[in-house]
Amino acid sequence: EEHSVSEEESEDEGDGFFEPTAMYRDHSSVIHPGLSTYFNTPTFSDLAVLAPDGRRLACHQIVLSAGSRRFAKILEQGILQEPELPVWGVDSDALEAVVQCFYTGECSG
């Protein structure tokens with residue numbers, strides 16, 4: 001659902017109190033199609049996520065951090081010696097699906 005953007009103020013009928021009209025626009029329909037083109041491509045990639053099966057996913061730290069508090073916490077520590085982040089104890093296909101969801105906004109089953 002798209003919401004309008006307005007800088008007008010509306011008057012509350014009861015007490016004459018003025019407050020700005022809520023301003024919000026959902027940009028996900030613009031962001032995700034553009035962002036999805038960068039999923040698992042080296043373009044602008046600054047990190048490789050290493051899945052347990054050895055698969056390498058070319059990723060972007062900002063996308064991982066925005067999509068996952070756990071990734072954000074690890075990446076904010078700045079402790080990676082290489083631009084690689086090994087992930088263990090998960091199914092490799094599931095890991096790839098979750099990371100892909102960060103880029104596309106859609107999760108496949």
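Q: How many helices and strands make up the secondary structure of the protein chain?
A: In this predicted model, the secondary structure comes to 4 helices and 5 strands. Read along the sequence, the pattern is β-β-α-β-β-α-α-β-α.

Q: How do you know that the span of helix α4 agrees with its number of residues?
A: Helix α4 holds 13 residues, 92-104. The expected span is 1.5 Å times one less than the number of residues, so α4 should span 18 Å. Its end C-alpha atoms are 18 Å apart, and the two values therefore agree.

Q: What caps the N-terminal end of α4?
A: Asp-91 does. A side-chain oxygen of Asp-91 lies 3.1 Å from the backbone nitrogen of Asp-93. The cut-off for a polar contact is 3.5 Å, and 3.1 Å falls within it. After α4 comes Gly-105, with a positive phi near 80°.

Q: Why is Ser-92 called buried?
A: Its relative accessible area is 8%. Buried means under 20%, so Ser-92 counts as buried. Ser-92 belongs to helix α4, where Leu-95, Val-99, Cys-101, Phe-102 and Tyr-103 are buried too.

Q: Which elements do the buried residues of α4 pack against?
A: They pack against α1 (28-36), β3 (47-50), β4 (56-59), α2 (61-67) and α3 (69-76). The helix lies across β3 and β4, and runs at about 15° to β4.

Q: What does Ser-92 contact, leaving aside its neighbours within four places in sequence?
A: Ser-92 is in contact with Ala-51, Pro-52, Asp-53 and Arg-55. Its side chain reaches the backbone nitrogen of Asp-53 at 3.1 Å.

Q: Why is Asp-53 called partly exposed?
A: Asp-53 has a relative accessibility of 46%. Buried means under 20% and exposed means over 50%; 46% lies in between, so Asp-53 is partly exposed.

Q: What makes the pair of Asp-53 and Arg-55 a salt bridge?
A: The closest N and O atoms of Asp-53 and Arg-55 are 2.7 Å apart. A salt bridge needs a side-chain nitrogen of Lys or Arg within 4 Å of a carboxyl oxygen of Asp or Glu, so the pair qualifies. In general, side chains of opposite charge can pair when their charged atoms come close. A search of the whole structure finds 4 salt bridges.

Q: Which parts of the chain does the salt bridge between Arg-55 and Asp-93 link?
A: The side chains of Arg-55 and Asp-93 meet at 2.9 Å, N to O. Arg-55 is in the loop between β3 and β4 and Asp-93 is in helix α4, 38 residues apart, so the pair links distant parts of the chain.

Q: Why is Asp-93 called exposed?
A: Its relative accessibility is 52%. The label exposed applies over 50%, so Asp-93 counts as exposed.

Q: How do you know that Glu-96 belongs to one network with Asp-53, Arg-55 and Asp-93?
A: The side chains of Glu-96 and Arg-55 meet in a salt bridge at 2.5 Å, N to O. This pair also links distant parts of the chain, with Glu-96 in α4 and Arg-55 in the loop between β3 and β4, 41 residues apart. Salt bridges that share partners join Asp-53, Arg-55, Asp-93 and Glu-96 into one network.

Q: What makes β4 and β5 the edge strands of the open sheet?
A: The sheet has 3 strands in the order β4-β3-β5, with mixed pairing. Both β4 and β5 (84-86) pair on one side only. The twist averages 25° from one strand to the next.

Q: How do you know that β3 and β4 pair?
A: Pairing takes at least two bridges, and 4 bridges join β3 to β4, so the strands pair. They run antiparallel. In this pairing Val-49 stands opposite Leu-57 in β4.

Q: What is stated about the phi of Asn-40 and of Phe-44?
A: Asn-40 is not a glycine, yet its phi is positive, about 55°. Phe-44 is not a glycine either, and its phi is about 65°. Most residues other than glycine have a negative phi. Asn-40 is found in the loop between α1 and β3, and Phe-44 lies in that loop too.

Q: Why is Phe-44 called exposed?
A: Phe-44 has a relative accessible area of 65%. That is over 50%, so the label is exposed. Asn-40, at 31%, is partly exposed.

Terms used: Residues numbered from 1 in each chain as written. Predicted model: local features only at pLDDT ≥ 70, side-chain atom pairs only at ≥ 80, totals over all residues. Heavy atoms only, no water. Helix = DSSP H or I, 4+ residues; strand = E, 2+ residues; numbered from the N terminus. Buried < 20%, exposed > 50% of the residue type's maximum accessible area, 1.4 Å probe, protein only. Contact = heavy atoms within 4.5 Å. Polar contact = N/O pair within 3.5 Å; in protein donor to acceptor, adjacent residues only side chain to side chain. Axes fitted to C-alpha atoms, helices over the stretch in contact; angles between N-to-C directions.
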